[in-house]
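Look at the structure, then read on.

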Amino acid sequence: MKIFTSAQIHELDHYTMEHEPIRSIDLMERAAKVLTRAITDSWTNNTPVVVFAGPGNNGGDALAVARMLADQGYKVSVYLFNINGKLSEDCAKNAQRILDSRKIKDFIEVRDEFDPPVLEANMLVVDGLFGSGLNKPLSGGFASLVKYINQSPSYIVSIDIPSGLMTEDNTYNVRANIIKADMTLTLQQKKLSFLFPENQQFIGKLKVLDIRLSEEGIKKIDALYTVTDENDIRSKLRHRNEFAHKGNMGTALIIAGSYGMAGAAVLATKACLRSGVGKVIVHTPRRNNDILQISVPEAVMSIDHDEKYFSETIDAEDIDAVCMGPGLRQQENTAIALISQVRRSQCPIVLDADALNILSNHRAWLQQLPKNIIMTPHPKEFDRLNGASCADSFERLTRARDLAEHLNAYIILKGHYSALCMPNGHVVFNSTGNAGMATAGSGDVLSGIITALLARGYEHGDACIVGMYLHGLAGDLAAKELGMESMIAGDIIRYLPKAFRRIND
């Protein structure tokens, strides 16, 4: 699914109007019918409704919804804010339709002073002040109105996007001046800002409503951002040949674990094996040997000369993919061995955890990384790698995109919507996963999965996209049976077979 910018949303609206064809006011009416249905499905006409409408097309949507609710017997009060004496054409038409219908007695057009209504717990507030075209923080009277609505006990439903929240970049927004909706009824597609954790407090429960914008237009507009779905993954999945053997299913090398961190090596190795690779070789310090031999007997051991740390490169000539970083720690001899291993490995490489922390302490080495290298940082690891903290998720995503293009690399920013930043500037968000996966070792599992897919012959981008999806899907399946509170990283591995079966069916 594509995620459009505010400019592209506007473009898609115009494409629909031109090619369907349909008039702007009729498209607004179509959207209002879908919005009204979503409201009437959740609230009976015994619920008093207060509608706050702004002067633009978001306000026009809200006015049309108010009229339709009144037609169905709802008691509706409407406040239309026309402070500058200028309404959009469609907003003005819907204001006149309300006056003509005479079913809404409490219709107030606010031009100057505003005496706010009492908002009570049994009321529904419909927020239609500002939509996806907003490009600056709210201030003055609108900021005061937002704060007044937010402090009320009423249930708040926002049309398309909570007023005050911008569609993409909220880095310099004033968060106190954004509606905190209990539910957001967004039109056609999610907005980019909905995918960032710091904005969840404003969105509440999200419903995406299909208003039948042009499918042809959606296909034609080139989106920088997309969100995966199951059909995308099925189309990328490589199926096992009936005559497959371990020699042609790929060999993966996992360089992981230090003394006291053997668990990271165990998790990455088990995940790699569970993702269909033919053979996994684990290189780890001598003191981890017994743990790995007992925990993962299917793996081939390669023991470092050092008792506690990774300290030497190994021959990777017959390796199809290598993962480095889980549980390595950051000793100086480990750092030197890491960059040496990167230089001599000719196969696809995944860097995670301490491999990224080592690069953060040796940032000049970034320029020595081979093209198409895959890095999987969580937000703090990326900030260290980037060399500066980011104010919010949008800024972090923008910097990750820039770094991926600069290094010709694939960077996965891990989170609820993990984001793959690709060398061509495009970003793919993952749609699976849940809060139960916020547990130590979850990232090691992801690294193991991606490494297995690379060893099996997946292209770099496909390995990342399929790996993220499988990782999250296994977590979702685990949460469904176990609940989120008690999930551990090993549960994700245990449910990987079910995840593969789900997308293979």
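Q: Is Lys498 buried, partly exposed or exposed?
A: Buried means under 20% relative accessible area, exposed over 50%, and partly exposed in between, with a 1.4 Å probe and protein chains only. The relative accessible area of Lys498 is 38%. Lys498 is therefore partly exposed.

Q: What do these values rest on?
A: This is a predicted model: local features need pLDDT of at least 70, side-chain atom pairs count only at pLDDT 80 or more, and totals for chains, interfaces and linings use all residues. Residues are numbered from 1 along each chain as its sequence is written, and side-chain values use heavy atoms, with hydrogens and water left out.

Q: Are Arg396 and Asp383 buried or exposed?
A: Their closest N and O atoms are 3.0 Å apart, in a salt bridge. Arg396 sits in helix α14 and Asp383 in helix α13, 13 residues apart. Both residues are buried.

Q: How exposed is Arg23, the salt-bridge partner of Asp26?
A: The closest N and O atoms of this pair are 2.9 Å apart. Asp26 is partly exposed, at 30%. Arg23 is exposed, with a relative accessible area of 52%.

Q: What is the strand order of the open sheet?
A: Two strands pair if DSSP finds at least two bridges between them. The sheet has 7 strands with parallel pairing. Its edge strands, β4 (106–110) and β8 (205–209), each pair on one side only. The order is β4-β3-β2-β5-β6-β7-β8.

Q: What angle does the direction of α3 make with that of β2?
A: Helix α3 (residues 57–71) packs on the sheet, touching β2 and β3 among others; contact means heavy atoms within 4.5 Å. Axes are lines fitted to C-alpha atoms, for helices over the stretch in contact, and angles run from 0 to 180 degrees between N-to-C directions. The angle is about 155°.

Q: How far apart are the end C-alpha atoms of α3?
A: The expected span is 1.5 Å times one less than the number of residues. For the 15 residues of α3, that gives 21 Å. The model agrees: the ends are 21 Å apart.

Terms used. Helices (H or I, at least four residues) and strands (E, at least two) are DSSP runs, numbered from the N terminus. A salt bridge is a side-chain nitrogen of Lys or Arg within 4 Å of a carboxyl oxygen of Asp or Glu.
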